[in-house]
Amino acid sequence: MTVTLGFIFALWDSQVKLQFLVLASIASVLTFAPHAALAQAYPNKPIRLIIPFPPGGATDIIGRTLAQKLSTQLGQTVLVDNKPGAGGTLGSAEAAKAAPDGFTLLLATTSTHSIAPSLYKNIPYLADKDFAPIAEVATATNVLIVTPNLPVKNVSDLVSMAKINPDALNYASSGNGTIVHLLGELFKQSAHVKLTHVPYKGTALAIPDLVSGQTHLMFDSIVSALPHIKGGKVKAMAVTSTRRTPLLPEVPTVIESGLPDFETNTYFGLFAPAGTPRDIVQRLQKEVAIALQSADVKERFASQGAEPVGGTSEALAALIKSETVKWKRVIEAGQIKLD
């Protein structure tokens, strides 16, 4: 048998190609292996969930409810770590600087991610770049509450009193730059009244002074305000959603009360530091969705006036963007500046 030189080279070339393909396949498997192992191993130790506000407020209640459920699902403890201060930016900054390994998470809000970027000159993080959005956890209706000693029955009475006595009424908030603060500012702009702002370090600290009459009114999430409303410690004037809430069916919306286009809810979103592996983000997104479907979480949220949401990272990123635009207008119109 005669073997041509061309055939020998062709055979040798095919063998080289085959070896190359085998080596390439092995390299591909080895490259993917660490990621697959990471996804399978996560989480192999406790997870820290930073709540950038004090215990007892809306963010804390929602965060602890989620942490408890995720602890069961993941088989690892999710430890809640309250880090309040500077309108929620201190705790958020700490989360942004944490290792992007999925073991430090942040439950952020409208205050930290859609208000603070337009309010603070030297904010220590970029809300749209320093975090990996995971999922929107919940949305909650806000409610306008007043001290029981204030002789008003509705928003119209309150606006009339404020116009007759400019700057005589004050409104409490959970801190400079928070959603509670900006809701008061939005109310001032919409009703064309003058009010004095009294900031606290969290709504849980503001409520006692509102109950005693040292402050006169405050916007708050129903999550934290409802128990005080039901207990008769404060009076509910209106809710900020487009429709009434089943929890307070007798309380009208702000829009019904004569202030058109006054509508806003507070969002609560789960984030990880930027750079967190996509497979871990997707794992957490899936676990959040499962947690929010459970009957006990739905019941806990509903009893506090919050609605579970879930969804994708992209949906949460889009929400942050749209809310940032809205609150930037309010901040600029009120010429609000914080250092």
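**A tour of the aromatic rings**

Start by selecting phenylalanine 262: it is buried, with a relative accessible area of 1%. Keep in mind that this is a predicted model.

Show both rings. Phenylalanine 219 and phenylalanine 262 form a stacked aromatic pair, with 5.7 Å centre to centre and 20° between the planes. The pair counts as stacked because its planes are under 30 degrees apart. Next, trace the chain. Phenylalanine 219 sits in strand β7 (residues 217-221), while phenylalanine 262 lies in the loop between β8 (235-239) and β9 (265-273).

Zoom out for a moment. The protein has eleven helices and ten strands. Of its 339 residues, 50% count as buried. The structure holds five aromatic pairs.

Here is another of them: select tyrosine 125 and phenylalanine 131. Tyrosine 125 counts as buried because its relative accessibility is 2%, under the 20% cut-off. Phenylalanine 131 is buried as well, at 6%.

Tyr125, Phe131 and Phe271 form one aromatic cluster.

Last stop: lysine 45 and phenylalanine 103. Lysine 45 lies over the face of the phenylalanine 103 ring, at 4.8 Å from the ring centre.

Conventions. Residues numbered from 1 in each chain as written. Predicted model: local features only at pLDDT ≥ 70, side-chain atom pairs only at ≥ 80, totals over all residues. Heavy atoms only, no water. Helix = DSSP H or I, 4+ residues; strand = E, 2+ residues; numbered from the N terminus. Buried < 20%, exposed > 50% of the residue type's maximum accessible area, 1.4 Å probe, protein only. Phe/Tyr/Trp six-rings, centres within 6.5 Å; stacked < 30°, edge-to-face > 60°. Lys NZ or Arg CZ within 6 Å of the ring centre and 35° of its normal.
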